[in-house]
Amino acid sequence: MQIDWIYGLIGGLIIGVAGAVFLLGNGRIMGASGIIGGLVDGSGRNTAAERISFLAGLIIAPLVIVQFWDRTTTNVTSNIAVLIAAGLLVGIGTRIANGCTSGHGVCGISRLSLRGMVATVFYILAGGLSVVLFRHILGVI
Amino acid sequence: MRNILALIAGSLFGIGLLVSGMTDTAKVQGWLDVFGNWDPTLAFVMGGAMIPMAIAWAMTGSRKPIVGGEFPARPEPKLGRNLIVGSVMFGMGWGLAGLCPGPAMASLGFGGFSTLVFVGAMLAGMLLAPMVRQSMDKAVPAE
């Protein structure tokens, strides 16, 4: 528990390097919802290969690492209704807001984007409210 | 070249998410849960990620992307309804399951059936988003 923040910091630095590679290499903003969403709704058809390559790395690299390092604990709920509701909210919300934790949060705030900062404030407040509501008041998570 | 760099960036992103512990929904919900047993990890992840990213943004001023083209232009600092409503919806879902799009994909390979259901619903949501945006516009015009 005490050293978790060190893993957090190291992991964060790696995430930042990933974003730097994508920006300085390809001239693109590393936003997970945008990269996925562009494939889903067809708006990113012209850059489909780049998006698929990114997602292949994102899915496969952690899967390779967990073969040597048992870090597979996700503590994800098995409540199907919660998973579907949460997935729909995340999918619709990130596309309407045009970004999520990586695009608005990491990439946006680091360039001092007002939109990124405002989005981040609102999704963190809503996230906190969501945990209070569904965990402490309703007790469903 | 473009695809190789994307593969490298995606791989590093996935490894970073795994190392940081963000694929563990308990750590994400623990950070959001200020009234419970608060877990500070996520703040270190966000802060850590912004350091290389801020350096990268600073470097964009004097060069072009390696593969050519232009760096993304700074968006108009416009705070419309979509940014706020979308972010609130996203935040509600993020708190509910403890997953956002990056970590959901990074744990897809080992997260089992639950992660698969979440990602399926997320993709469906992304497909529905243009329709939701349209019906929002019809009810209350954006600006």
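**Patch and pocket**

Reader: Which helices each supply at least two residues of the nonpolar patch?
Author: This is a predicted model: local features need pLDDT of at least 70, side-chain atom pairs (heavy atoms, no hydrogens or water) need 80 or more, and totals for chains, interfaces and linings use all residues. Residues count from 1 along each chain as written, chains are lettered from A and ligands numbered from 1 in written order. Helices are DSSP runs (H or I, at least four residues), numbered from the N terminus. The two are α1 (4-26) of chain A and α3 (41-59) of chain B.

Reader: How much surface does the nonpolar patch make?
Author: Its members are I3(A), W5(A), I6(A), L9(A), I10(A), L13(A), I51(B) and I55(B). α1(A) gives the most, with 5 residues. A patch joins nonpolar side chains within 5 Å, each over 30% relative accessible area (Shrake-Rupley, 1.4 Å probe, protein chains as cover). The area is about 660 Å².

Reader: Is I6(A) buried, partly exposed or exposed?
Author: I6(A) sits in helix α1 of chain A. Buried means under 20%, exposed over 50%. At 36% relative accessibility, I6(A) is therefore partly exposed.

Reader: Which helix gives the most to the lining of the largest pocket?
Author: That pocket (1 Å grid, 1.4 Å probe, protein on both sides within 12 Å along at least five of seven lines) holds about 590 Å³. Its lining (an atom within 4 Å of a point) has 23 residues, with I29(A), G31(A), N98(A), G103(A) and P72(B) nearest the centre. Helices α2 (32-40), α3 (48-65), α5 (101-109) and α6 (114-137) of chain A give two or more residues each. The top contributor, with 4 residues, is α5(A).

Key:
Patches are made of residues with over 30% relative accessible area and no salt bridge: like charges are joined within 9 Å, nonpolar side chains (Val, Leu, Ile, Met, Phe, Trp, Tyr) within 5 Å. A salt bridge is a side-chain nitrogen of Lys or Arg within 4 Å of a carboxyl oxygen of Asp or Glu. Buried means under 20% relative accessible area, exposed over 50%, partly exposed in between (1.4 Å probe, protein chains only). Grid points are joined across faces, edges and corners, and a volume is the space filled by probe spheres set on the points.
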